[in-house]
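Let's take a walk through this protein model, one spot at a time. Keep the sequence and the 3D view open while you read.

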Amino acid sequence: MVRLDILKMLQVALKLLKRTSDATCFADTTLNDWFNKYLCYGQEHGIIQGYTDGTFQPGKSINVVEALKIVLEVFESEETLSSFAFEDNGNWYDIYQQFTESRDLYLEEWAQVNQEITRGEMAKLISAFID
């Protein structure tokens, strides 16, 4: 699964997309890219940020913790996440991993946090939040 797929899955599943983009949001995308509106929506709503060089790298594979961060940014309020007590192990993703584990949403298939997430796993995760 690549980075832009997760944004499209979330926005279509939740019927979030209410904007037709008339600009590009990242240096490595164009207005004609079919996914531009999904990226711009994600950026405008604080779901994604991209890299410090102004790119998003939409074709890059997405790993488990990157996917968890995006999903939690959509489904959980900033207040809920910021008030969640977690053990800081020095990883940027500690809160997302531990929050998901505390809700029994962390899949057994995820032996390594840096492994690529599959479409099927992503669908399970999204459906767990929708149900």
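Predicted model: local features only at pLDDT ≥ 70, side-chain atom pairs only at ≥ 80, totals over all residues.

## Starting at M9

You'll find M9 in helix α1. Set aside the neighbours within four places in sequence, and M9 is in contact with M1, R119, M122, A123 and I126. Take R119 from that list: M9 and R119 sit 110 residues apart along the chain, yet their C-alpha atoms are separated by 9.1 Å.

## How α1 meets α3

For α1 (residues 3-14) and α3 (residues 64-75), the angle is about 25° and the axes are 11 Å apart. Angles under 35 degrees count as roughly parallel, so that's what we call α1 and α3. The crossing of α1 past α3 is right-handed.

Which residues make the contact? On the α1 side you have R3, I6, L7, L10 and L14, and α3 brings E66, A67, I70, V71, V74 and F75. Sort the residues of this contact by type and you get nine nonpolar, two charged and no polar ones.

## Three salt bridges

How many salt bridges does the structure hold? There are three. Let's start with the one between the side chains of R119 and D5, where N and O are 2.6 Å apart. D5 is buried, at a relative accessible area of 14%.

Next come K69 and E73, whose side chains meet at 3.7 Å, N to O. Both belong to helix α3, and they are four residues apart, so about one helical turn separates them. In an α-helix there are 3.6 residues a turn, so residues three or four places apart point the same way. K69 counts as buried, since its relative accessible area is 19% and the cut-off is 20%. E73, at 27%, is partly exposed.

The remaining pair is K124 and E109, with their closest N and O atoms 3.4 Å apart. K124 lies in helix α6, while E109 is in the loop between α5 (94-102) and α6, so this bridge ties together parts that are 15 residues apart in sequence. Both partners are partly exposed: K124 has a relative accessible area of 46%, and E109 has 38%.

## A look at α5

Is α5 mostly covered or mostly open? Mostly covered, with seven of its nine residues buried. The buried ones are D94, I95, Y96, Q97, Q98, F99 and T100.

What covers these buried residues? The cover includes α3, α4 (78-82) and α6. After α5 comes D104, and its phi is positive, near 55°.

Conventions. Residues numbered from 1 in each chain as written. Heavy atoms only, no water. Axes fitted to C-alpha atoms, helices over the stretch in contact; angles between N-to-C directions. Helix = DSSP H or I, 4+ residues; strand = E, 2+ residues; numbered from the N terminus. Parallel < 35°, antiparallel > 145°, perpendicular 65-115°, else oblique. Left-handed = near helix turned anticlockwise from the far one by under 90°. Contact = heavy atoms within 4.5 Å. Nonpolar A, V, L, I, M, F, W, Y, C, P; charged D, E, K, R; others polar. Salt bridge = Lys/Arg side-chain N within 4 Å of Asp/Glu carboxyl O. Buried < 20%, exposed > 50% of the residue type's maximum accessible area, 1.4 Å probe, protein only.
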